[in-house]
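Morning, everyone. Please bring up the sequence and the structure, and keep both in view while I talk.

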Amino acid sequence: MKKLKYALFTGCTAKQSTPEQMMSTLAVARKLNIELIELTEASCCGASHLQDYDDFLSLVLNARNIAYAEKHGLTMVTICNTCQLNTAMTKHRLDKNPELKAKVNEKLAEVGLEYKGTSNIIHFLYAIIDDFGLDKIKKMVVKPLSQFNIAPFYGCHNIRPSELHDESHKQKENPYNPTSLDDLIIACGGMNVEYEEKNKCCGFHVELQAPHTAAVLTGNAIAGATDNNADMMVTPCPLCHLKLDTQTKHASEAIGREVSLPVLHMQQMVGLALGCTPAELGLKHHVTEVNFI
Amino acid sequence: MSTNKITTQKVNFKVFRFNADEDYLPYYEDYSMDVTSEEVVLDILNRIKWDYDGSFSYRRSCRHGICGACAIKVNGRSTLACKESMSTMIEYFGNDLTIEPLSTKRAIKDMIIDKADFWEKHAAVTPYLAADIDECPTCENLVSPHDAEELNEADLCIQCGACHYACPAVEINSDFFGPAAFVAAYRFEADIRDSDAERLINVNEEKQGVWDCVKCFECAEVCPKDINPIEKITKLHQMAFKKGVAKNNVATRHAVGFLHSIKKHGVLDEGGLVLYSEGPSIVKHIPVALQMFRKGKIIMPWNMPKSDNLDEIQKLIKSSSTVKF
Ligand code: SF4
Ligand code: SF4
Ligand code: FES
């Protein structure tokens, strides 16, 4: 197989509150011989909030990020569900509306850039599954996670709106019963846990303005996984990870029950199965300790 | 459809049953049927009533996706029974299907629920045109096609409630108006003839308003009319800023804070955003922040990363900003 090569849009959390996510992304890419060219010029995607304030500006900034991936002639890979949503949504809107695209390009021209619409945008989870291939991963597993029940937590913005998902990625994902992360758990040797909250919201985006709603959603998710015998959870989204990993106290108070589970980033799970060390994967950066290693 | 071959397969249904007048608790009844690929969910409800149990109750009227009466849940997914094909349901969920009302806690009889909360919230956003219109007009009140497009299909809502009862924010916060009410609010806010000054303020209030939407996109996924309620919610946010009715609170500062951060660093300054949004209330985040700090999850201001070519970003912010707060 030709070596896989992507333009990596890290998003902001990977450089701040989830350093372990950056470390594990790079560690897994090394193991899989995937080349990632980091888009160091990229700005924040606005995290689904900037567009509430200024829609056009949000489009321009996201189009600029994509333009850099296009300059490399590469598919853009995101490692955050909300980055994926905002970037792919920008692409979707510009590609289907030439008038809007022209307006955005008029601005980008001021800094010598152009959005063409030539780069695809996919989440790293699907780069691993669709492009690299589950069967190949399975063959490379040296330390299977066979002793663990692992609850997949998909995160909203990778699976909804499903139209956007299906437009960006090779394989469809059923928004009501997604399977990609389950398949990846199995490929890594683990047991996938079925539970109701696997495709539900973690509440991250209203953490500040609606803390009770946010905490209940986090609590329900961890409780659902716990009640179905999960030893740990795994998620492809650093924002879900922040909620599930750092907010267990508020979550427990909100649902009136003590809940807490170790939560892995998708990349950390793959990394462990492929034989990366806990240090390489940044496991010490979790608030809820990963106590099984 | 007609070119496809009709196929038949066995499907096991677990159906929610409850009669508030007779039962203390709901229970589930099992039915097994051969289902053809041409059937819709409503056909199954009909067959349960006609072939198995005449007392089985559900709402339906038009059978054409117009009246909005027949919305129920299949395997937890809100769906319009007369429009949803069984083959899609089988494709999504396999051959074991659970049929429930939109909200089990609001059930009156089987699929029939008390939708009062939905209608109260609908009424609360004043879903009608407020305009001074001459009682004896001499010419028509024309709306140009361009202006009519602004409604963005919001006027196609059939008030089926599918989105409302799929919304986690409604489920947790009973004050939250919910996606359908916001669609209705947007329908009239986007109408150039409307002059209601209160509505936009009302749907921007804390607790009940648009800012409590968790951005899960459940509403966009389930709407049988492809109305995309969260898109309308986003537009209501934008309108509040554009029309100057956005209050200075944690929610609005959170949105604006992104701009300040991007202007300064290109990337988001996570700590700075929380501080900007919360103001003095930031103290309540200190315990978690300390835990995070100990795990190397918090960057000191002097170590804040910056985007390369930050000047480009700043230039674009200057030239492309369309709103002032
Ligand atoms: S996106 Fe917002 S309104 Fe829509 S279902 Fe989710 S929380 Fe409710
Ligand atoms: S927005 Fe769609 S799902 Fe919600 S009530 Fe209207 S038609 Fe039904
Ligand atoms: S019966 Fe009227 S919408 Fe289904």
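Start with B:Glu189. Setting aside neighbours within four places in sequence, B:Glu189 is in contact with B:Asp194, B:Asp196, B:Arg199, B:Leu200, B:Leu236, B:Met239 and B:Lys243. B:Glu189 sits in helix α6 of chain B, residues 179-189. Buried or exposed? B:Glu189 is buried, because its relative accessible area is 8%, and the cut-off for buried is under 20%. One reminder before I go on: this is a predicted model.

Now step back to chain B as a whole. Chain B has 13 helices and 7 strands. Its C-alpha atoms fill a box of roughly 70 × 70 × 45 Å along the principal axes. How much of chain B is buried? Of its 325 residues, 50% are buried. Then look at contacts in chain B between residues at least 6 apart in sequence: 65% of these join residues at least 24 apart.

Next, the ligands. Which residues surround ligand 1? They are B:Cys167, B:Ala169, B:Pro179, B:Cys213, B:Val214, B:Lys215, B:Cys216, B:Phe217, B:Glu218, B:Cys219, B:Ile230 and B:Ile233. Two elements of chain B give two or more residues each to this shell: α8 (218-222) and α9 (229-242). By residue type, the shell around ligand 1 has 10 nonpolar, no polar and 2 charged residues.

Ligand 2 also has a shell from chain B. Around ligand 2 you find B:Cys157, B:Ile158, B:Gln159, B:Cys160, B:Gly161, B:Ala162, B:Cys163, B:Ala180, B:Cys223, B:Pro224, B:Lys225 and B:Pro229.

Let's turn to backbone angles. Most residues other than glycine have a negative phi, and most peptide bonds are trans. Now for some exceptions in this model. B:Asn75 is not a glycine, yet its phi is positive, about 45°. Find B:Asn75 in the loop between β3 (71-74) and β4 (77-80) of chain B. B:Asn75 has a relative accessible area of 29%, so it counts as partly exposed. B:Lys207 is not a glycine either, and its phi is positive at about 75°. B:Lys207 lies in the loop between α7 (198-202) and α8 of chain B. Its relative accessibility is 48%, so B:Lys207 is partly exposed.

What kind of peptide bond joins A:Arg160 and A:Pro161? The bond is cis, with omega about -10°. A:Pro161 is in the loop between α7 (156-159) and α8 (162-168) of chain A.

We are in chain A now, and it's time for helix packing. Two packed helices are described by the angle between their axes and the distance between the axes. Take helix α1 (residues 19-31) and helix α13 (residues 266-273) of chain A: their angle is about 45°, and their axes are 8 Å apart. That angle is why α1(A) is oblique to α13(A). The crossing of α1(A) and α13(A) is left-handed. On the α1(A) side, the contact uses A:Glu20, A:Gln21, A:Ser24, A:Thr25 and A:Val28. On the α13(A) side are A:Gln267, A:Gln268, A:Val270 and A:Gly271. This contact divides into 2 nonpolar, 6 polar and 1 charged.

Stay with α13(A). How many of its residues are buried? The count is 8 of the 8, so α13(A) is largely enclosed by the rest of the structure. Among the buried residues are A:Met266, A:Met269 and A:Leu272. After α13(A) comes A:Gly275, with a positive phi near 95°.

The second pair is helix α3 (residues 55-72) and helix α5 (residues 98-109) of chain A. They pack at about 70°, with axes 10 Å apart. So α3(A) is roughly perpendicular to α5(A). Their crossing is right-handed. From α3(A), the contact takes A:Phe56, A:Leu59, A:Val60, A:Ala63 and A:Arg64. From α5(A), it takes A:Leu100, A:Lys103, A:Val104, A:Lys107 and A:Leu108. The contact of α3(A) with α5(A) has 7 nonpolar, no polar and 3 charged residues.

Last stop: A:Asn228. This residue is in the loop between α10 (211-227) and β7 (232-235) of chain A. A:Asn228 is partly exposed, because its relative accessibility is 36%. Not counting residues up to four places away in sequence, A:Asn228 touches A:Val193, A:Glu194 and A:Tyr195.

Conventions
Residues are numbered from 1 along each chain as its sequence is written. Chains are lettered from A and ligands numbered from 1 in the order in which they are written. This is a predicted model: local features need pLDDT of at least 70, side-chain atom pairs count only at pLDDT 80 or more; totals for chains, interfaces and linings use all residues. Side-chain values use heavy atoms; hydrogens and water are left out. Axes are lines fitted to C-alpha atoms, for helices over the stretch in contact, and angles run from 0 to 180 degrees between N-to-C directions. Helices (H or I, at least four residues) and strands (E, at least two) are DSSP runs, numbered from the N terminus. Angles under 35 degrees count as roughly parallel, over 145 as roughly antiparallel, 65 to 115 as roughly perpendicular and the rest as oblique. A crossing is left-handed if the near helix is turned anticlockwise from the far one by less than a right angle, and right-handed if clockwise. Contact means heavy atoms within 4.5 Å. Ala, Val, Leu, Ile, Met, Phe, Trp, Tyr, Cys and Pro count as nonpolar, Asp, Glu, Lys and Arg as charged, and the others, Gly among them, as polar. A residue is near a molecule or strand if one of its heavy atoms lies within 4 Å of it. Buried means under 20% relative accessible area, exposed over 50%, partly exposed in between (1.4 Å probe, protein chains only).
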